[in-house]
Every structure is written in structure tokens, then in C-alpha cells.
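Visitor: Could you take me on a close look at a single part of this model, the place where the ligand sits and what surrounds it?

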Amino acid sequence: MNSYGLWIQGAETAGESVRTVHVPFDGAPFAAVAEAGPAQTQAAIDAATAAAPTMRDLSRAQRSAILRQARQLLLDAKEEFAVIIASESGKPLREARLEVDRGAATLLFSAEEANRLAGEEVPMDAAAHGAGKMALVIREPLGVIAAITPFNFPLNLSLHKIGPALAGGNAVVHKPASATPVSALRLARLFAEAGLPPGALNVIPGPGGRVGDLLVGHPAIAMVTFTGSADVGLALRAKAGLQRMTLELGSNSAVIVAADADLEDAARRCAAGAFANSGQVCISVQRILVAEPIAAAFEDALRDAAAQLPIGHPLDESTAVSSLISPAEADRVAAWVAEAGGAAVRSGRATIAPIVLRGVPDTARVFADEVFGPVVSANSFRTLDEAINRVNASVYGLQASIFTKDLATAFRAARRVHVGGFLINDVPQFRADQMPYGGVKRSGTGREGPRYALEEMTERKLICWNVS
Ligand code: NAP
């Protein structure tokens, strides 16, 4: 079992307490990790504040080079990171390897955006009294950014905050999820090796209510970028005051399967999109609306695809479904399924076999709330507009999709469904790391993807001069 201290001012530091991180599948101890208290949290903020001017003064080329070097080091350590992700989060190893590849892509996109970061000229003489003036908008770093991240993509979702923040010349204080802090602590060491100045990235695991709470509203922190549940995100927003805030929250992603869809392809993609990481993905396929004439055949194909997913230990190469993050989460998911008239097949400590429900009321929690487990519900619809309205009835709006061969149907749905991203002939669970990504309604505010995150992580400043 490896031990990790906090990472403050470019060095390992003792915390206020120590937490044992377990493999969720079987509870085996995996790592001993220091957790911060108020003193260490303040030390991390002080280190970032001191490093912010150094980061601001690095050239675009220097920031880009550090991010490129970090990408290379991550690829060199791919297997080590994949094992860490799989062990602490319970994500099957083959998905964990994909997460490392995606993390490397996020770093590359961040490095490219560091070089592209630029403002614009303002056409001052477009206003009568602007004649004889010239003006530029430049993009400046905000200073210190706090990143708070969830357990389900402990590497790549951290990089979606750290990469653009550093590209924009900011310093970072990162609080990872308590269940999965090891990826972030290992990442901090990797950035140090890549040449990042001490203090530019500080990683302080610790309970959300203890550490995260101190970061939100802190006067030295210019922005909080949060990914996690809607309840926590909304509570943080209420506390943040004028602090800038990005909220990447949950969802209950919907798919419409039209009568002319390629049924086998849609069912195969929906099974993969519903059960990857045991459904613990913010864009997991959760609600499927299927045209009535093909509903029964689609459901059979979906069940067949689900039944073929091997269940097992996350480090077993053949595993496709492992476990939920904790027994308490497995209990919650099983209770929601029972409420909807289904039954969860459980094994081990926190494993639930993939569940396909049919015809549950749209008001059942497995349909209306975010289930965040290996559960998908298929309900039939009669008209496209009815399906669109039922998709939009959700309080969430992260991504959604449609399967159809008809372009007019596809674009009618794309225009009318109220979400941050809409996919045609694929599942909403698709994300490439350069995409603008984020939600509407209870799914949050702001967009990630390095180019878009950088818009939020820099301040526009006007410089106007009189040339007359
Ligand atoms: P969570 O319970 O909301 O926790 C997220 C982070 O917030 C953790 O680091 C947590 O720390 C911290 N936190 C908890 N209470 C806090 C407080 N009072 N003040 C400050 N920080 C606090 O979410 P999760 O269970 O880890 O992740 C699952 C959720 O994340 C789902 O809803 C999922 O949809 C969402 N998610 C969204 C996206 C997206 O991009 N939209 C991506 C992935 C996941 P502790 O771990 O110490 O509690």
C-alpha cells in the first residue's frame, strides 16, 4: 500500500488526518492518503497566491511546453495511472486506460490553447465618439483557481480543470473526491517533473464539507470550478458570492430511438452507454424513449447486449462491469430499482448487474432523477413531439441523442431538445475532450473543453489609447 502526503508548494506535506483508500469492488486497502484541515488548506491557498505572479509571467510557449511535457510523462506512465484509476474508483482497467489516453488528449488540447490564447481589436471608430481611438482586449489570468472534482473520472476531470487553468497562466488549488485522491496526488508529482513552478498546483484531499467549503467564498480565490452532484453544486453557488464559478453537474441523459433507426446498432450503443463504469458517468444513458412499433424488439436487443457484459474485479482484463463506488451507493440504487418495480441482482460488496427496466412511470426516481448506477429504462412513445417533450420534462439537461435515418427528424429533435449537447445516431454518453461540454438547467453552468474552459478562466481587459 503506497502512502501519499498532501502536495503543497511543490512538495509532499503532512495533513491533519490520514484516510485509507479502498478498492470499491472488494474493499481491499489500496493507499494511505493525507487529508487537509483548515491550516493545510490555507497553506495551499498561500502557495498558489505566491505562485500566481510566476505563472502570469510565463510566456505562452513556456506554459504550452510544460503541458506538452506533462502529456508525455502521462503517456510514459500510462499503465501506472490506469491501475491507480481502476483501483481507487472501481472502473474496469480497459476503461481506465481510455481515461489515461483522454487525459493525455486534454493536456495536448490545453497546450495548444495556451499558444492560441489571444484577445482582439475593438473597432472603436464604429461609435461616433470613438473616432481617433484604438483599443485592444487582452486576456489575463484570474490568479488562483480552486478545482473540486468527483470520483468517477479522477484523472481526466481533474485535467479538464488543471490543464486550461495552467494554460491561462493561473495557479491552482485542487480538492479531489475523498474516495479517489490518488490519481490527483500522483498527477501533482508528474507536473513537478514536467517543470511546473512550485506552488502552481497544490493538491489537498479532504472531506468536502471541511476543505471544499473553505475554498468557496475565500477572498484569495478568484474562481471555483466544480464538477459533482447538483445538490452540492447549488449549495456552493449560494455561498460563492462574486467568485466566478463553473458548475458541471449531473444528468439523466435521454435517447430517442425512432421507428426507422438501426435497431441493433442503437441497442448495442445504448448498452455500452448505460453500463460503462456501472452507469457512474454524468452522461450515462438513463432514459430511452423508443417508437412504439419497435419497442419490444429494441428492448430484447438491449437486454441481450447487457447480458453479454462480463462482471468482475476492475483489474481483470475481461471485466466490463465492476462495482459502484460504495456499498451505500449500491443500496441506494437497489432501493430506487425496487421502488420502480424491478429487482437488483447484487454480488460482492457493491456490485449490481446491469438492469433494463421497461415502462416505468416517467415520475419514478430511476427515470426522473439521476440514478448514477447500472440502470436504464426504456419507455415507448407515439409521436416525435411527445418524445421531445418527455425528454425536456427533466430538470436536467447535459446531453441527449436520437437514432434515426431521417435528417428532418434528427434536426427537429436537435433544435428542440433543451440540453448542452445533442448527438445524432450515437449515445449522449459520447464526449471528445476538445468539445464544448456542459449543461443547462440543473446540469450546471459554463462549458469545459480546454478552449471553452479558458474563456472562463481568463479575464478580458480593455486597453484603449488615443491616437488622434
Ligand atoms: P459530489 O458528492 O457532489 O462530490 C463532488 C466533489 O465535491 C467531491 O470532491 C466532494 O468531496 C466535494 N464536496 C462535497 N461536499 C462539499 C461541500 N460542502 N463543499 C465543497 N465541496 C464538497 O459528487 P460525486 O459523488 O463525487 O460525483 C458524482 C456526481 O458528479 C454526479 O452527480 C455526476 O453526474 C456528477 N458529474 C458531473 C460531470 C459533468 O461534467 N457534468 C462529470 C462527472 C460527474 P468529498 O468526496 O470529500 O465528499
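Guide: Happy to! A word on classes before we start: Ala, Val, Leu, Ile, Met, Phe, Trp, Tyr, Cys and Pro count as nonpolar, Asp, Glu, Lys and Arg as charged, and the others, Gly among them, as polar. Please keep in mind that this is a predicted model.

The ligand sits in the largest pocket. Around the ligand are 30 residues, and the closest are Thr149, Ser178, Ser229, Leu249 and Glu370. By class, this shell has 15 nonpolar, 11 polar and four charged residues. Helix 7 gives the most to the shell, with four residues.

Now for the polar atoms. An oxygen atom of the ligand lies 2.5 Å from an N or O atom in the side chain of Glu370. Backbone atoms take part too: a polar one of Leu249 is 2.7 Å from a ligand nitrogen, and a polar one of Gly208 is 2.8 Å from a ligand oxygen. Taken alone, the ligand exposes 910 Å², and the protein buries 84% of that.

The largest pocket itself holds about 1,100 Å³ of space. Its lining has 46 residues, with Pro150, Phe151, Gly228, Ser229 and Phe372 nearest the centre. Among the elements that give two or more residues to this lining are strand 4 (17–22) and helix 11 (327–339). The lining divides into 21 nonpolar, 13 polar and 12 charged residues.

For a side glance, the second largest pocket has a volume of about 680 Å³. The lining there has 15 nonpolar, three polar and nine charged residues, and helix 9 provides the largest share, six residues.

Key:
Residues numbered from 1 in each chain as written. Predicted model: local features only at pLDDT ≥ 70, side-chain atom pairs only at ≥ 80, totals over all residues. Heavy atoms only, no water. Near = heavy atom within 4 Å. Polar contact = N/O pair within 3.5 Å; in protein donor to acceptor, adjacent residues only side chain to side chain. Areas by Shrake-Rupley, 256 points an atom, 1.4 Å probe, with all protein chains shown as cover. 1 Å grid on protein atoms, 1.4 Å probe; cavity = no way out; pocket = protein on both sides within 12 Å on 5 of 7 lines; lining within 4 Å. Sits in = over half its atoms within 2 Å of the grid points. Points joined across faces, edges and corners; volume = space filled by probe spheres on them.
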